[in-house]
Amino acid sequence: MSSSMNLNGLRSASQGEHRTELLSVRIGAQEFAMDIRSIREIRGWIASTHLPHAPSFIKGMINLRGTVLVVIDLAARLGLPSQEPSPASVVVVVEHGDKVAGLLVDAVCDIITVTDDMRQPIPETGNSTPREYIEGLIMMENRIVSIVAISALMPDTAVQALLEAA
C-alpha cells in the first residue's frame, strides 16, 4: 500500500494528506478551478483571428511566440452564456499531453490548495455531459467551485486539422 492511502479516515502525522493546487478562475458569477500542473502561462486578452468553420466555442487563434494557439471560450464550452472579451479578460494557456490551448475566462481569482476531503462528487443529473467537463466539486465557505477536466476541453482532431490548414 502506498503511504498516501487513507485507511478509514485515519492518518498518521508523517503521512499527511494528499493536496492538489488548483487555479481558480471566474466566468460571470461562477468560479471554476483547474489543476495548476496543466497551466503553462496566464496572459491578458489580445484580439484573436477568426478560425473559419470552427465550432462556436472556439473564439479564434492567437500568435503565442511564433506558435498558433487556439483560444477556447470556456463559458461557451461549458454551456454558459458567452460574453464578449473585455480588456480585463484573461487567457489561461493549458496543456494536456501534446495539446495546448488557451482558455478565455473573465478573471483569474486565486490559487487554492485542495485536499481529497474537500472534493465532492458531481450530483446526478440524468445526463453524462456535466461529468465529461467537470471532474468534481469543492465546497469552500459559502460557495461551490467546479473542477474542470482539462482533457475534455482540449481541441479535438477536427479543430487541430483546421488550425494546421490555417
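Helices (H or I, at least four residues) and strands (E, at least two) are DSSP runs, numbered from the N terminus. This is a predicted model, with residues numbered from 1 along each chain as its sequence is written. Local features need pLDDT of at least 70, side-chain atom pairs count only at pLDDT 80 or more, totals for chains, interfaces and linings use all residues, and side-chain values use heavy atoms, with hydrogens and water left out.

**View 1. S24 in strand β1.** S24 belongs to β1, residues 19–27. Its relative accessibility is 0%, so S24 counts as buried (buried: under 20% relative accessible area; exposed: over 50%; partly exposed: in between; 1.4 Å probe, protein chains only). The side chains of S24 and E31 are joined by a polar contact of 3.2 Å. A polar contact is a pair of N or O atoms within 3.5 Å; within protein, one must be able to donate a hydrogen and the other to accept it, and residues adjacent in sequence count only if both atoms are side-chain atoms. Contact in general means heavy atoms within 4.5 Å. Neighbours within four places in sequence aside, S24 is in contact with E31, F32, A33, V108, C109, D110 and I112.

**View 2. The open sheet of 5 strands.** The strand order is β3-β6-β7-β5-β4, with mixed pairing. Two strands pair if DSSP finds at least two bridges between them. β3 and β4 are the edge strands, and each pairs on one side only. On average, neighbouring strands of this sheet are turned by 30 degrees against each other, direction ignored. Axes here are lines fitted to C-alpha atoms, for helices over the stretch in contact, and angles run from 0 to 180 degrees between N-to-C directions.

**View 3. Strand β6 and its two partners.** β6 (residues 90–96) pairs with β7 (residues 99–105) in the antiparallel sense, over 7 bridges. V92 stands opposite L103 of β7. The two strands form a hairpin with 2 residues between them. In the turn, G97 has a positive phi of about 65 degrees. β3 and β6 also pair in the antiparallel sense, over 5 bridges. There, I39 has V94 in β6 as its bridge partner. β6 is mostly covered, with 5 of its 7 residues buried.

**View 4. I150 in helix α3.** Helix α3 spans residues 150–153 and includes I150. I150 has a relative accessible area of 5% and is therefore buried. Beyond its neighbours within four places in sequence, I150 is in contact with M34, S38, V94, E95, H96 and L103. I150 and E95 are 55 residues apart in sequence, yet 7.8 Å apart in space, C-alpha to C-alpha.

**View 5. Two loop residues with positive phi.** H53 sits in the loop between β3 (39–44) and β4 (58–64). Its phi is near 65 degrees, a positive value in a residue other than glycine. H53 is exposed, with 77% relative accessible area. R65 lies in the loop between β4 and β5 (67–73). R65 is not a glycine either, and its positive phi is about 50 degrees. At 61% relative accessibility, R65 counts as exposed.

**View 6. The cavity.** The structure holds 1 cavity of 30 Å³ or more. A cavity is a set of points, on a 1 Å grid over the protein atoms alone, where a 1.4 Å probe fits but cannot get out. Grid points are joined across faces, edges and corners, and a volume is the space filled by probe spheres set on the points. The largest cavity holds about 80 Å³ of space. Its lining residues, each with an atom within 4 Å of a point, are I27, D73, A75, Q83, E84, P85, S89, L104, V105 and D106.

Terms used:
On a 1 Å grid over the protein atoms alone, a cavity is a set of points where a 1.4 Å probe fits but cannot get out, and a pocket is an open set with protein on both sides within 12 Å along at least five of seven lines; lining residues have an atom within 4 Å of a point.
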